Amino acid sequence: MADIVLDKVTKAFPDGTLAVQEFNLEIADGEFVILVGPSGCGKSTTLNMIAGLEDISSGELRIDGQRVNDKAPRDRDIAMVFQSYALYPNMTVRENMAFPLKLAKLSKEEIDRKVDEAAKVLELTALLDRKPANLSGGQRQRVAMGRAIVRSPKAFLMDEPLSNLDAKLRVQMRTVVSRLQKRLGTTTVYVTHDQTEAMTLGDRVVIMRAGAIQQVGEPQELYDNPRNLFVAGFIGSPSMNFLPATVSEGRLRTSLGDFPLGDRMRQQVSDSGGDLIVGIRPEHFEDASLIEDSIRQRGAEFEATADLVESMGSDKYVYFTVEGEKASAAELEELAADAGGGDLPSGGSNLVCRFSAESRVKEGDTARVWVNLDKIHLFDPSDGRNVTLHEGKSSGVVS
Amino acid sequence: MTTAETAEKPTTHSVRAQRKAKARISEGKRQERKLGWLLCAPAAFVMLAVTAYPILYSVWLSFQRFDLKFPDQREFIGLGNYWTVLSNDYWWTAFGITMLITVVTVAVELVLGMALAWIMFRTLVGRGLVRTAALIPYGIVTVVAAFSWRFAWTPETGYLAGVFGEGAPLTERASSLAIIMLAEIWKTTPFMALLLMAGLALVPDDLLKAASMDGATGWQRFTKVMLPVMKPAILVALLFRTLDAFRVFDNIYVLTAGANNTSSVSMLAYNNLIRGLNLGIGSTMSVLIFIAVAIIAFIFVKLFGTAAPGSEEGGRR
Ligand SMILES: Nc1ncnc2c1ncn2[C@@H]1O[C@H](COP(=O)(O)OP(=O)(O)OP(=O)(O)O)[C@@H](O)[C@H]1O
Ligand SMILES: [Mg+2]
């Protein structure tokens with residue numbers, strides 16, 4: 001077990017691609033850290049540098065306080081799980097798991113004992129004599145995990161270990177990974193671009209974009225206090241709604257209506273001036289008829305026509321189209337590109353709201369919608385910064 | 001589990017439906033197979049005409065005493081020719097020489113070819129140039145290459161003649177064999193390398209990375225991960241080269257013409273058949289070579305499980 005420190009680690013490929021830039025991160029002993037970000041943002045490259053499979057162009061990597069930049073992978077005592085599982089096709093499950101131990105020249109009895117133990121933990125005992133070709137995806141994944149845990153390494157590195165599994169199995173394996181890590185208490189760096197995995201698995205999440213860290217924090221903190229547009233849009237599903245806004249005469253003017261600004265907000269916003277983007281999470285809307293008077297004045301109301309209502313049982317997703325311009329910023333375009341879906345062909349912005357199940361709103365209805373002004377974020381479209389952050393915490397519009 | 005459960009108590013109705021479906025599928029399959037045969041019939045016919053006929057004709061000739069110098073004595077003698085050949089010292093000497101050339105050249109080619117394949121696979125700059133340069137020997141006609149080797153070793157004029165002191169290396173048995181093998185190796189190593197490079201491409205990058213993480217040294221990665229994954233490709237390369245090497249002819253014909261007991265079995269068959277005009281004995285030797293080649297192929301396919309790369313169990317998804 002070990003702590004891992006990345007100190008201004010940078011990777012420039014020979015062709016000039018700057019895959020990772022000045023990556024700073026301190027991973028504590030036993031911590032479970034998630035690297036998440038859109039495709040091509042440098043997650044795998046970062047992981048490979050920690051593993052030693054990729055040279056570090058500049059900066060320093062320390063494991064247990066020791067500089068390891070120039071150490072070969074085999075001297076770093078780190079285990080890795082690959083997306084492709086990378087099982088040796090010519091070896092049985094037992095031989096696969098025993099491989100690192102054999103190379104470490106352990107005695108036959110000890111190898112057998114450790115492999116049997118790991119096989120028991122991962123429920124692989126019945127499969128020990130099979131070849132990888134004759135295993136299901138989930139079983140192969142478990143063998144890959146088993147090969148990593150048998151030798152009790154200082155740290156685990158996992159590069160999208162679950163993304164080749166189908167959705168149901170992925171949920172199942174997620175809990176297996178989580179339990180295993182808690183039980184072993186081994187420092188783990190886990191790469192994913194599934195945000196459910198990011199939110200549920202890790203102690204801390206590192207959000208990356210184009211080779212640079214955007215924000216590091218506990219999942220809830222990232223969700224509540226995103227430092228910029230990118231983080232705000234990346235975390236959360238369905239994602240945050242973004243609308244263009246301006247401030248004048250102490251009021252926030254949006255296509256949903258004009259909202260009052262609190263004193264502190266007015267100060268924070270005045271120095272940014274000009275155009276803004278307002279970000280509101282789906283759950284911070286509610287059917288106005290269901291709002292109790294005690295909290296009603298913390299927000300504002302507006303009317304809109306529901307395009308589509310999806311009932312999830314526990315709650316309802318209601319989709320509106322808001323007339324007027326769309327919010328535009330480089331970050332938002334990048335997020336849309338990563339999500340794969342181009343913009344829907346509609347005149348205005350799409351608004352996704354989560355109402356409680358009691359809401360009677362139906363498709364085509366004009367609904368009165370209440371929005372919680374305490375929870376909304378304002379972003380500067382030029383650099384994507386969250387201007388409502390105050391000492392790292394977000395402040396709503398009314399405060 | 002689930003299949004066992006569902007198969008346990010099928011209703012009669014579903015059984016009948018299944019059987020019907022099965023029959024329909026196999027009917028479709030049969031049609032498909034028929035079409036398949038029809039489509040390859042022309043090729044199969046040509047193959048039969050150009051290979052099966054000569055082979056069968058050789059076998060027929062090998063059962064006869066048939067020397068064109070004494071055409072009147074033509075007569076069916078069964079296995080007589082085989083007895084003559086197999087009890088003859090010349091045959092066994094040639095056979096030994098052939099085996100020696102085969103084993104040595106294929107072994108050396110495997111090692112060199114692997115190194116060459118690795119270089120071709122790993123070069124990042126000037127990849128095309130490296131590959132082209134490596135393949136040049138294979139692109140030269142064997143006889144032409146053999147002549148240039150002969151000139152190179154000719155005393156007085158050859159540029160290699162003086163390398164191992166005075167004397168004519170192509171006039172002594174050991175040095176002649178060494179030169180024949182050298183020419184063979186020089187010529188066909190690129191072919192070996194090409195086949196092995198296809199095998200190298202079969203090894204996923206992640207597998208080598210995983211092995212590094214598991215603590216393998218470069219050599220261990222090669223022997224414990226790459227070689228086993230490449231095994232099908234290596235066996236195919238070995239099979240091709242062994243069969244080829246066993247039929248060695250051109251180099252010997254040009255370099256020594258079989259002098260000083262350097263004949264291979266192919267050389268011997270040629271001498272008897274074309275030079276000696278003894279169709280019976282020559283054909284017998286050809287048939288024996290054919291049998292030897294078949295045995296080699298059989299050993300590779302059945303004993304080592306040689307198959308096309310990727311069709312082996314490990315390569316299946
Ligand atoms: N060998 C290489 N040479 C040049 N550029 C490379 C090389 N490997 C990766 N890159 C580039 O570096 C960037 C980061 O790649 P990386 O594989 O780390 O992305 P990733 O975050 O893991 O993406 P994904 O989620 O798709 O796996 C990409 O822009 C990629 O094109
Ligand atoms: Mg990746």
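How many residue pairs are in polar contact across the interface of chain A and chain B? The rule finds 5, both residues of a pair being at pLDDT 80 or more; a polar contact is a pair of N or O atoms within 3.5 Å, where within protein one must be able to donate a hydrogen and the other to accept it, and residues adjacent in sequence count only if both atoms are side-chain atoms.

This is a predicted model, in which local features need pLDDT of at least 70, side-chain atom pairs count only at pLDDT 80 or more, and totals for chains, interfaces and linings use all residues. Residues are numbered from 1 along each chain as its sequence is written, chains are lettered from A and ligands numbered from 1 in the order in which they are written, and side-chain values use heavy atoms, with hydrogens and water left out.

**Where A meets B**

- Chain A brings 24 residues to the contact and chain B brings 19, contact meaning heavy atoms within 4.5 Å.
- About 1900 Å² is buried between the two chains, with carbon and sulfur atoms giving 63% of it; buried area is the accessible area (1.4 Å probe) that two parts lose on being put together, summed over both.
- A:Arg74, A:Tyr88 and A:Leu103 supply 28% of what chain A buries against chain B, more than any other three residues.
- There is 1 salt bridge between the chains, a salt bridge being a side-chain nitrogen of Lys or Arg within 4 Å of a carboxyl oxygen of Asp or Glu.
- A:Arg147 and B:Asp214 form a salt bridge, their closest N and O atoms being 3.5 Å apart.
- On the side of chain A that touches chain B, the elements giving two or more residues are α1 (43-51), β6 (78-81) and α2 (93-103); helices (H or I, at least four residues) and strands (E, at least two) are DSSP runs, numbered from the N terminus.

**Helix α8 of chain B**

- In α8(B), residues 205-213, the buried residues include B:Leu207, B:Leu208 and B:Met213; buried means under 20% relative accessible area, exposed over 50%, and partly exposed in between (1.4 Å probe, protein chains only).
- The buried residues of α8(B) pack against α1, β6, α2 and α4 (137-149) of chain A, together with α9 of chain B.
- After α8(B) comes B:Gly215, with a positive phi near 100°.

**Nonpolar cores**

- The largest nonpolar core has 79 residues, and A:Leu6 and A:Phe23 have the most contacts inside it; such a core is a set of buried Ala, Val, Leu, Ile, Met, Phe, Trp, Tyr and Cys residues joined through side-chain atoms within 4.5 Å.
- Helix α9 of chain B (residues 218-246) gives this core its largest share, 12 residues.
- Apart from it lies another core of 54 residues, among them A:Val93, A:Leu135 and A:Ala329.

- A:Tyr317 sits in strand β17 (residues 315-322) and is buried, at 12% relative accessible area.
- Leaving out residues up to four places away in sequence, A:Tyr317 touches, among others, A:Ser237, A:Pro238 and A:Cys353.
- A:Ser237 and A:Pro238 are joined by a cis peptide bond, with omega about 0°, and A:Pro238 lies in the loop between α8 (229-234) and β11 (241-248) of chain A.

- Most residues other than glycine have a negative phi, and most peptide bonds are trans.
- A:Glu160 has a positive phi of about 45° and counts as buried at 10% relative accessibility.
- B:Asn260 also has a positive phi, about 55°, but is partly exposed at 38%.
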